[in-house]
Amino acid sequence: MYWRASQVGIPSFVRIKPQALGRLGIYAQREAYRKPVFLVSAGLPETLSQPVLEGFEAKGIKIHRWIEVDGADFDVATNLLAELPSDCDALLGLGGGKCLDVAKYVATLAGWPYYAVPTSLSNDGFCAPQSSLTLRGRRRSLPAQLPFGVVVDMEACLQAPDLLWWSGVGDLVAKLTAIRDWKLAYHQCGEPVDDLAALLSNATVHQFLARPTRDLEGIRLLATALMLNGVSMAMCGSSRPASGAEHLISHALDKIVQHPRSHGLQVGVAAYLVSRLQSDNAELIADVLDKTGFWQGIRNDPFSRHEWLQAVREAPAVKPERFTVLSTRDCVDEVAAMIDQDKVLRGCFVD
Ligand SMILES: [Zn+2]
């Protein structure tokens, strides 16, 4: 069965602007929250936490609990659910992807209004209808509700480290290959495509691709595109708009390599390889990854050729029901030839 009807709860409160962290207290006051609980990435720099604390103090709102979250483990989430005060009237996740995955899952289980406040844009997880949590040692994507609110401080995200910027761009270009795979599955197996979800995903990605610059406006476009991609997944009840063969390769790599690299770095490179297998969008993807400095970031710490070929070989088995370009033929030799000969990939792999 391909289809899941979806009753979508989508973010109603969205602020993507500079210095939004300092305005969280204003937003909380407007919504009349009296007992907000914060889940915060362990080790979040004071430069990011201080404006939030000052903003709440200025509005006379006492933060009910302020809890640091380390790691993205299922047990961490369920323990928090048990320990958090039941009179919490809003849950705010502040920081990086792992903390936000935990916060979103806790809010889903508790039924609290949830606000995602990412301080970097390294992937689309902050507004996706799943939480990526470790369950008995294995990473799982567990269903979660979209946040009620999304607050992105553009200045904070602009100052995030290079690697997180490249990761966000990598996860974004992967949407092009994901949509292509979805349409391929429609033509080859009759899997229905939700046209509006595909259109929403594609349109926002192209807005960023038209202006892939690392400045405030580029951050606004990247945040908007990643957020609306999450919404498009919720609309169609599937990760199809965001995840195709490139994500399967990345998931296979996570299992093979001892220390998986950032999700977005893996899927960005995989998206380029897959776009060549699909014979679509390869130049566009290569170009945006060039303009954003992504390729240079990969060359600074190249991937392992043999691990990647193993991942391409094992990728279709990661999710056998998902038809992608990798289902159409054995692609390992083609990818090996790309790694060895494609000028775009020069220096991105070592043996
Ligand atoms: Zn992704």
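**Domains and their contact**

The C-alpha centres of domain 1 and domain 2 lie 27 Å apart. Domain 1 covers 13-158 and domain 2 covers 162-350; such bounds come from an automatic or database domain assignment. This is a predicted model: local features need pLDDT of at least 70, side-chain atom pairs count only at pLDDT 80 or more, and totals for chains, interfaces and linings use all residues. Residue numbers start from 1 along each chain as its sequence is written.

The contact takes 17 residues from domain 1 and 22 residues from domain 2. Here, contact requires C-beta atoms, placed from the backbone, within 7 Å. On the domain 1 side, β8 (149-153) and α5 (154-158) each supply at least two residues. The largest share of that side, three residues, comes from α5. Helices (H or I, at least four residues) and strands (E, at least two) are DSSP runs, numbered from the N terminus.

**The sheet**

Six strands form an open sheet with parallel pairing, in the order β1-β8-β5-β4-β2-β3. Two strands pair if DSSP finds at least two bridges between them. Which strands stand at the edges? They are β1 (13-17) and β3 (65-69); each has a single partner strand, so one side of each is left without a neighbour in the sheet. Neighbouring strands are turned by 15° against each other on average, direction ignored.

Strand β2 (residues 36-41) runs parallel to β3, joined by five bridges. Phe 38 stands opposite Trp 66 in β3. Helix α4 (residues 97-110) lies across β2, β3, β4 (90-95) and β5 (114-118). Helix α4 runs at about 170° to β4; axes are lines fitted to C-alpha atoms, for helices over the stretch in contact, and angles run from 0 to 180 degrees between N-to-C directions.

Methods
Two residues are in contact if their C-beta atoms, placed from the backbone, lie within 7 Å.
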